[in-house]
Amino acid sequence: MKKSGILNRHLAGALAELGHGDTVLICDVGMPIPPGPRVVDLAFRAGVPSFAEVLDGLLDELAVEGATAAEEIRDANPAASRLLTERLPDLTHVPHDALKALTAHASLVVRTGEARPYANVLLRCGVFF
């Protein structure tokens, strides 16, 4: 039995299957998820788990070479915007509709319980060496 890191077996297994260039969307409860990507739904109650908790947990496990968020996050959710800027210095922004379109090509979607607007980020996997 695993004793540290991500303990959710579905999420841990999905992360182990990712490769260089694959994308992972961490999203709030309101983000529409198109058919296609594998989904691990962690949402339990509004706010649980939070976007920040899931983001930090995934960043501890993944090599990330880039990230994309909706430009609307800057005004609509300054706290989440600051969090992303602090954790992901190479963050790029696109219109929310463009981020939703990119989701269709994601390898994995991780749905949080976050109930604040635009708490979504698309991570692009890198390599650890």
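## Contacts of S81

Leaving aside neighbours within four places in sequence, S81 is in contact (heavy atoms within 4.5 Å) with I73 and R74. S81 lies in helix α4, residues 78–87; helices (H or I, at least four residues) and strands (E, at least two) are DSSP runs numbered from the N terminus. S81 counts as buried because its relative accessibility is 12%. Buried means under 20% relative accessible area, exposed over 50%, and partly exposed in between, with a 1.4 Å probe and protein chains only.

This is a predicted model: local features need pLDDT of at least 70, side-chain atom pairs count only at pLDDT 80 or more, and totals for chains, interfaces and linings use all residues. Residues are numbered from 1 along each chain as its sequence is written, and side-chain values use heavy atoms, with hydrogens and water left out.

## Helix α5

Helix α5 spans residues 96–103, and its buried residues are H96, L99 and T103. Seen down the axis of α5, these residues fall within an arc of 55°, so they line one face of the helix; the arc is that of the directions from the helix axis to the C-beta atoms. An α-helix has 3.6 residues a turn, so residues three or four places apart point the same way.

The buried residues of α5 pack against the strands β1 (23–27), β3 (64–70), β4 (91–94), β5 (108–111) and β6 (121–125).

## Salt bridges

The structure holds 7 salt bridges, each defined as a side-chain nitrogen of Lys or Arg within 4 Å of a carboxyl oxygen of Asp or Glu. One of them joins the side chains of R38 and E17 at 2.8 Å, N to O. R38 lies in strand β2 (residues 38–41) and E17 in the loop between α1 (9–16) and β1, so the pair ties together parts that are 21 residues apart in sequence. R38 is partly exposed at 35% relative accessibility, whereas E17 is exposed at 60%.

R87 and D56 meet in a salt bridge of 2.7 Å, N to O. The pair links R87 in helix α4 with D56 in helix α2 (residues 51–61), 31 residues apart. D56, E86 and R87 are linked in a network of salt bridges. The side chains of R116 and E114 also meet in a salt bridge, at 2.7 Å, N to O. R116 is partly exposed at 35% relative accessibility, while E114 is buried, with a relative accessible area of 5%.

F129 lies in the segment after β6 and counts as exposed at 79% relative accessibility.
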